[in-house]
Amino acid sequence: MRASLLAVFAHPDDETLRCGGTLAHYAARGAEVTLVCLTRGEAGRNTDPALQVECLATQREQELQHACRILGARPPIFLDYHDSGRGERLRRHDPDATINADPLEMEARLLAVIEQVRPQVMLTFDPHGMYGHPDHLVAHRVATAAFSSSGFRRVKIERLFYTVQTREEMLALQSGQALGVLDGLSPEVFAVCDCTIAARLDVRAHAGQKRAALFAHRSQTGPASTLGTLSEAQLQPLLSTETYSLGGSRGVIPEYPLTDLFAGLRVDFPLPGPPS
């Protein structure tokens, strides 16, 4: 069976920041790489004053389509929920916001995608949603629930991985102010200890793709954004290594930590991997 990877995230740009190199790596090996995005990120803000935006949801959808092309992924699949926002902008009264949606209905929509694309491996946010964004937490819950219930269905996902950061990585980002959303957050809550890392992927070969995909999200990486003001030195750690914890497995993990998310699975890669 051809290798198939499914990534489940909340907003356009979530997919690139923590696992864009992984998506590009497996797409380059010939795997079918699919992204499910719960929302179109319409509660965000345009951080590029030179960009004329009439509808932020449409703009961010187009940006995500562009980023997926750069990474080699299939066109993204939107589940058509609304961005919940966060903090003072939390949309508590929007019935279509992910925080208010029926979780079982959301899971059913995701399971329908799983039946369609037949992934062996699925990626999503860690239990703390990187920095606690309500939509990230919903994405984590719905993907974890779908992994669990897929065991009773025709397509059983073999492995679920969570995108994570180590304590040292988070402290480095905080000290360099590389990601303002992490300021003031405890690494002991929002990061993981080294022994929790179940997979560590070297994605330096795809750093150019990841950088291009990240800045394809122009409305989110403009000069008024934290990412848009990063120096090359600050950006490098995000482009070199991507780390994961294990959300679930239906079989033996051949090594720990893994350097290949598909290691030991009976799947085919139509194209050769990187030289050893």
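**Helix pair**

I started with α3 and α5, which are oblique to each other, a word kept for angles that are not under 35 degrees (roughly parallel), over 145 (roughly antiparallel) or 65 to 115 (roughly perpendicular). This is a predicted model, where local features need pLDDT of at least 70, side-chain atom pairs count only at pLDDT 80 or more, and totals for chains, interfaces and linings use all residues. Residues are numbered from 1 along each chain as its sequence is written, and side-chain values use heavy atoms, with hydrogens and water left out.

I read an angle of about 60° between α3 (residues 103-117) and α5 (residues 134-149), with the axes 9 Å apart. Axes here are lines fitted to C-alpha atoms over the stretch in contact, and angles run from 0 to 180 degrees between N-to-C directions. Helices are DSSP runs (H or I, at least four residues) and strands likewise (E, at least two), numbered from the N terminus.

I then listed who makes the contact (heavy atoms within 4.5 Å): from α3, Met106, Glu107, Leu110, Leu111 and Ile114, and from α5, Val138, Val142, Ala143, Ala145, Ala146 and Ser149.

**Loop residue**

Next I looked up Ser150, in the loop between α5 and β5 (159-164). Ser150 has 0% relative accessibility and so counts as buried (under 20% relative accessible area; exposed is over 50%, partly exposed in between, with a 1.4 Å probe and protein chains only). Leaving aside neighbours within four places in sequence, I found Ser150 in contact with Leu111, Val155, Lys156, Ile157 and Arg250.
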